Amino acid sequence: MSTDTKTFLTPEQYLEIERKAEFKSEYYNGEMFATSGVGLAHNRLVTALIGELGQQLRHSPCEVLGSDMRVAVRATGLYTYPDASVCCGGPQLLEGQMDTLLNPTLIVEVLSPSTEAYDRGRKFEHYRSMDSFTAYLLVASDRIHVDLFTRQPDGRWILTSADRLEDVVDLQAIGCRLSLADLYEKVAPFSGITAAGPPSN
């Protein structure tokens, strides 16, 4: 009979290990989980999104942060690396360190087949426990499609979806507008749609 037991880490032990590691791992409920690599379309979408938001937020109290910025969900104990996040009014950081954000306003996840169910489900549940978190942007990497969840004053979340190159997503929480044509400009063709626009008739 197997007597193997898992070694459970405290958040402090996780952070100590993670800060010395050569690759990123997420943490939840005493366990570390290595993050997997991503493909070209995923990287292009993240780069385009950070570039677009960064340009629009230059003179704003909000700032966009990339996937190396760890986010801690204090209420549930999740430590994770979103593809991008935006914080407004100045970052609140864990224990005075410069590597773990506590107050994202917007979180962006670029979806992949292996992570989409988690990003849409359980991970979203974790994120919703943060008071600062008011907008969640999910970007498909296998087709042109974006879902934006926006928290309402009464706590409900409203879904807005877009799936055409001519669509523009209004990110009211941070005062930005995101054009799908700009976002998907350099991504490989999906269903006959190329970076130059829809197929000609």
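This is a predicted model: local features need pLDDT of at least 70, side-chain atom pairs count only at pLDDT 80 or more; totals for chains, interfaces and linings use all residues.

Tutor: The expected span of a helix is 1.5 Å times one less than its number of residues. Helix α2 runs over residues 40-56 and so contains 17 residues by the count given for it. From its first C-alpha to its last, α2 reaches 24 Å, close to the 24 Å expected.

The protein chain has 201 residues, of which 41% count as buried. Its elements are five helices and 13 strands. Among contacts between residues at least 6 apart in sequence, 50% join residues at least 24 apart.

Which residues of α2 are buried? They are His42, Leu45, Val46, Leu49 and Leu53. Viewed down the helix axis, these buried residues fall within an arc of 100°, so they line one face of α2. On the other side of the helix, Leu40 and Thr47 are exposed. Here buried stands for under 20% relative accessible area, and exposed for over 50%.

Six strands, in the order β3-β6-β8-β9-β10-β11, make up an open sheet with mixed pairing. The edges are held by β3 (62-65) and β11 (157-162); each has a single partner strand, so one side of each is left without a neighbour in the sheet. On average, and with direction ignored, neighbouring strands are turned by 15° against each other. Helix α2 packs on this sheet and touches β3, β6 (84-88), β8 (106-111) and β9. The direction of α2 makes about 155° with that of β8.

With 3% relative accessibility, alanine 84 counts as buried. Leaving aside residues up to four places away in sequence, alanine 84 touches Leu49, Ile50, Leu65, Leu106, Ile107 and Val108. Among these, Leu49 is also one of the buried residues of α2. Alanine 84 and threonine 47 lie 37 residues apart along the chain, and their C-alpha atoms are separated by 9.5 Å. Threonine 47 itself is on the exposed side of the helix.

Another strand touched by α2 is β9. How many of the six residues of β9 are buried? The number is six, and the strand is described as mostly covered. Ala135, Leu137 and Val139 are buried on one side of β9, and Tyr136, Leu138 and Ala140 are buried on the other. In a regular strand the side chains alternate between the two faces of the sheet.

The partners of β9 complete this part of the picture. Strands β8 and β9 run parallel and are joined by six bridges; within this pairing, isoleucine 107 has tyrosine 136 as its bridge partner. Strand β9 (residues 135-140) is joined by five bridges to β10 (residues 146-151), and these two run antiparallel. Alanine 135 has threonine 150 as its partner in β10, while leucine 137 stands opposite leucine 148. Together β9 and β10 form a hairpin, with five residues between them.

In soluble globular proteins, nonpolar side chains tend to be buried together. The largest nonpolar core of this model has 30 residues. Those with the most contacts inside this core are Leu53, Leu137, Val139, Leu171 and Tyr184. Leucine 53 is one of the buried residues of α2, whereas Leu137 and Val139 share one side of β9. What does leucine 53 touch, not counting residues up to four places away in sequence? Its contacts are Val64, Val86, Leu106, Leu171, Ile174 and Cys176.

Helix α1 (residues 11-18) may be read in a similar manner. Its buried residues include Tyr14, Leu15 and Glu18, and these cover an arc of only 95° around the axis, which puts them on the same side of α1. The buried residues of α1 pack against β1, β2, β4 (70-73), β5 (78-80) and β7 (100-101). For α2, by contrast, the strands touched in the sheet are β3, β6, β8 and β9.

Definitions and conventions: Residues are numbered from 1 along each chain as its sequence is written. Side-chain values use heavy atoms; hydrogens and water are left out. A nonpolar core is a set of buried Ala, Val, Leu, Ile, Met, Phe, Trp, Tyr and Cys residues joined through side-chain atoms within 4.5 Å. Buried means under 20% relative accessible area, exposed over 50%, partly exposed in between (1.4 Å probe, protein chains only). Contact means heavy atoms within 4.5 Å. Helices (H or I, at least four residues) and strands (E, at least two) are DSSP runs, numbered from the N terminus. The arc is that of the directions from the helix axis to the C-beta atoms. Two strands pair if DSSP finds at least two bridges between them. Axes are lines fitted to C-alpha atoms, for helices over the stretch in contact, and angles run from 0 to 180 degrees between N-to-C directions.
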